[in-house]
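Good morning, everyone. I have a short tour for you today. Please bring up the sequence and the model, and follow along.

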Amino acid sequence: MKKNFPLIITFSAIMLFSFQCEEENPAERIVEGCIDPSKIKTDAACILLYDPVCGCDKKTYGNSCEANNAGVLTFTQGACN
């Protein structure tokens, strides 16, 4: 078990960081009538369920929670083309 411990820690760290997203500046994404800056929540958490939605800013979000936290006012089910 002791020999596998470093491997388990390394694997756990890789899995944890593989779900991290690159932070972007929310002001760069504001599209008139599409993103409400007052609704942007940079510190809110969402479940890691992939159920993509296409925001009115033509960006695919992993799920509706992520779109809502990004301040997106409207989105449709499914990934953007």
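One term before we start: contact means heavy atoms within 4.5 Å. Now take the contacts in this protein between residues at least 6 apart in sequence: 40% of them join residues at least 24 apart. Please keep in mind that this is a predicted model.

Now the overall layout. The protein has 81 residues, and 21% of them are buried. Its accessible surface is about 6,300 Å². Carbon and sulfur atoms account for 60% of that surface.

Next, the secondary structure. How many helices and strands are there? Two helices and three strands. Walk along the sequence and you read α-β-β-α-β. Helix 1 covers 5-18. Strand 1 is 53-55, and strand 2 is 60-61. Helix 2 takes residues 64-69.

Strand 1 and strand 3 are joined by three bridges, in the antiparallel sense.

Lys58 has a positive phi, about 65°, and it is not a glycine. Is Lys58 buried or exposed? Its relative accessibility is 67%, so Lys58 counts as exposed; the cut-off for exposed is over 50%.

On to the disulfides. In general, a disulfide is a covalent bond between the sulfur atoms of two cysteines. The count here is three.

Start with Cys34 and Cys56. Their sulfur atoms are 1.9 Å apart. This pair links distant parts of the chain, 22 residues apart. Cys34 is in the loop between helix 1 and strand 1, and Cys56 is in the loop between strand 1 and strand 2. The torsion about the S-S bond is about 100°, so this disulfide is right-handed. Cys34 is buried, at 2% relative accessible area. Cys56 is partly exposed, at 25%.

Now Cys46 and Cys65, another disulfide, with sulfur atoms 2.1 Å apart. These two cysteines also link distant parts of the chain, 19 residues apart. Cys46 lies in the loop between helix 1 and strand 1, while Cys65 lies in helix 2. Which hand does this disulfide have? The torsion is about -80°, so the link of Cys46 and Cys65 is left-handed. Both ends are partly exposed: Cys46 at 22% relative accessibility, Cys65 at 27%.

That leaves Cys54 and Cys80, joined with an S to S distance of 2.1 Å. Cys54 belongs to strand 1 and Cys80 to the segment after strand 3, so the pair ties together parts that are 26 residues apart in sequence. The link of Cys54 and Cys80 is right-handed, with 105° about the S-S bond. Cys54 and Cys80 are both buried.

Count the bonded cysteines along the chain, and the pattern is 1-4, 2-5, 3-6.

Last stop: helix 2, and Asn69 in it. Buried or exposed? Asn69 has 11% relative accessibility, so it counts as buried; the cut-off for buried is under 20%. What does Asn69 touch, apart from its neighbours within four places in sequence? Its contacts are Lys39, Ile40, Lys41, Ala44, Ala45 and Cys46.

Now compare Asp43. Asp43 is in the loop between helix 1 and strand 1. At 71% relative accessible area, Asp43 is exposed. Asp43 and Asn69 are 26 residues apart in sequence, and their C-alpha atoms are 8.7 Å apart in space.

Thank you. I am happy to take questions.

Conventions. Residues numbered from 1 in each chain as written. Predicted model: local features only at pLDDT ≥ 70, side-chain atom pairs only at ≥ 80, totals over all residues. Heavy atoms only, no water. Helix = DSSP H or I, 4+ residues; strand = E, 2+ residues; numbered from the N terminus. Buried < 20%, exposed > 50% of the residue type's maximum accessible area, 1.4 Å probe, protein only. Areas by Shrake-Rupley, 256 points an atom, 1.4 Å probe, with all protein chains shown as cover. Pairing = 2+ DSSP bridges. Disulfide = S-S within 2.5 Å.
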